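Thank you for making time this morning. I would like to walk you through one structure, slowly, for those who have not seen it before.

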Amino acid sequence: MNPSPSMKVLLGAGAALVVLAGAGGYGLARLTAKPAMSQAPADGRKALYWYDPMVPAQHFDKPGKSPFMDMQLVPKYAGEAETSGPAAGVRIDPSAAQNLGFRLATVEEGVLSSGLTATGIVDFNQRDVAVVQARSGGFVQRVYGRAPGDVIAAGAPLADLLVPEWGGAQAEYLAVRRTGDAALVAAARQRLRLLGMPDGAIASLDRDGRPRTTITVTAPLGGVISKLDVRAGMTVAMGQTLAEINGLSKVWVTAAVPEAQAGQLRPGQGVGVTLAAYPGEALRGTVQAVLPQAQGDSRTLQARIELANRDGRLKPGMFATIAFDAAARTALLVPSEAVIRTGTRNVVMLAADGGRYRAVEVRTGREAGGRTEILAGLSSGQRIIASGQFLIDSEASLAGLQVQPLPSSSSQMSPDGMTMAKPMAPARPALAEATGRIEQVAKDGVTLSHGPVPAIGWPAMTMTFRADPMLLRGLKVGDQVQFAFDPPPADPVIRRIAKIGGGA
């Protein structure tokens, strides 16, 4: 069918946009490639090959247009990588570096925050728990309308218990007290205590002489009732649990810390806690314990944090975010964006003199606040590329340059950041020493009858040792010698031997 006039207008506008987008993309490609393109150098250097900066691994033997992008191939001239190995670098023209937007950063020392945060849940303080039990068997006469979850104050009544057994014991105590016999009175008072009668009730009996068989069970501390097993009319036995109360003056926050970061935890560590219920308000607490078992399903360790809860606003079950304090220590820091993480190693692009850049392997530590700790590979004051380093890394790979590896424990860094070998003598165990008599001298060894060697637990014996023929010159059968040899588990090779007496 024929398109309507409005449809023609839309199709025309779309075609114009496509043309503009194609032209813009071509122009962007040309603009991006322009800094990398150069004419033949005045010194007559030969072009080794041509390549597309967008696909640098593909080489071409003559100039022309790239089969991948609508742009000209870029020549690679001989002499652009005069050196090889870790010392080699890629040279970037300053104007090209400016057009590419390279941004340099300085390796500097500073204090890195821990960066360790975790989520947690507010929980009861399990060290602040009271169990209320019946001190005597009896009957529940009255309850005070309590229920699990109620918050009560210390001394709040829970139930009234009728204890019939107290009646006879109190009457006996009053009768004994009238006799005036101090020993009998003390024994009768002790019997009341053993029956579970509180000292306050005994004191009241002494004051007014009126027996009491009912006692009010009260809460020993303020908090929330977590368990309540007392009902009106029920019979209770001595020691039966009537209620459990969790205190609320202090609460725990249980934080789940990833196993990979658990090494930063330590008891006594300060933390900042924020709760979703009170945004913008930070609370301070301490890590009371790091629980000894990891959670297998989430691969986390649990850190227990104690918080004061004077106003009772912290309710068990609330969600919290915990920021752990870090020990204040100075570290070598670089911007995190400057580190190229390949999966097998970490690399940064180090800026050298003369517009050269080279890849250097580094060992990284903690990361926080957009900065990464450098444990090895760099020194303070060096300049590195913080943005655009992937372009130089691609150019270095194109030139076949190797990444400068981390220095080993037997090397040291030169002032220009190069690794220099540090000579180190190979470690050798201490020699075992003994004295003995030569029984036979061979071309490359000697047979000795030697005494005990206490240092390695050998008894006296006759055995053959390997030895350098130069050490055996001038020695003959029957000579008494003092010698030193490699102890087990190495082969018994004589390293030192000298005659100490006349021959037989």
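**A first look at the chain**

Of the 504 residues in the chain, 36% are buried, where buried means under 20% relative accessible area, exposed means over 50%, and partly exposed lies in between, with a 1.4 Å probe and protein chains only. Please keep in mind that this is a predicted model, in which local features need pLDDT of at least 70 and side-chain atom pairs count only at pLDDT 80 or more, while totals for chains, interfaces and linings use all residues. Residues are numbered from 1 along each chain as its sequence is written, and side-chain values use heavy atoms, with hydrogens and water left out.

The secondary structure comes to six helices and 33 strands; these are DSSP runs, helices being H or I with at least four residues and strands E with at least two, numbered from the N terminus. If we take the contacts (heavy atoms within 4.5 Å) between residues at least 6 apart in sequence, 66% of them join residues at least 24 apart.

Let me begin with the strands. Strand 1, residues 47–52, has five of its six residues buried, so it is largely enclosed by the rest of the structure. Strand 1 pairs with strand 3, residues 74–77, in the antiparallel sense over four bridges, and pairing here requires that DSSP finds at least two bridges between two strands. Within this pair, Trp 50 stands opposite Pro 75 of strand 3.

Further along, there is an open sheet of four strands in the order 12-11-9-14, with antiparallel pairing. Strand 12 (214–218) and strand 14 (235–236) are at the edges with a single partner strand each, so one side of each has no neighbour in the sheet. Inside that order, strand 9, residues 138–143, runs antiparallel to strand 11, residues 157–162, and four bridges join them; Phe 139 has Leu 162 in strand 11 as its bridge partner.

Now to the helices. How do helix 3 and helix 4 pack? Helix 3 (residues 165–179) and helix 4 (residues 182–194) meet at an angle of about 165 degrees, with their axes 9 Å apart, the axes being lines fitted to C-alpha atoms over the stretch in contact, and the angles running from 0 to 180 degrees between N-to-C directions. That makes helix 3 roughly antiparallel to helix 4, since angles under 35 degrees count as roughly parallel, over 145 as roughly antiparallel, 65 to 115 as roughly perpendicular and the rest as oblique. The residues that make this contact include Ala 169, Tyr 173 and Val 176 of helix 3, and Leu 184, Ala 188 and Leu 192 of helix 4. By class, the contact has seven nonpolar, one polar and four charged residues, where Ala, Val, Leu, Ile, Met, Phe, Trp, Tyr, Cys and Pro count as nonpolar, Asp, Glu, Lys and Arg as charged, and the others, Gly among them, as polar.

Helix 4 also meets helix 5, residues 199–208, where the axes come within 10 Å and cross at roughly 140 degrees; helix 4 and helix 5 are therefore oblique to each other. Here the contact is made by Arg 189, Leu 192 and Arg 193 of helix 4 with Asp 199, Ile 202, Leu 205 and Asp 206 of helix 5, and these residues divide into three nonpolar, no polar and four charged.

Leaving aside neighbours within four places in sequence, Gln 302 is in contact with Thr 254, Ala 255, Ala 289, Val 290, Leu 291 and Gln 295.
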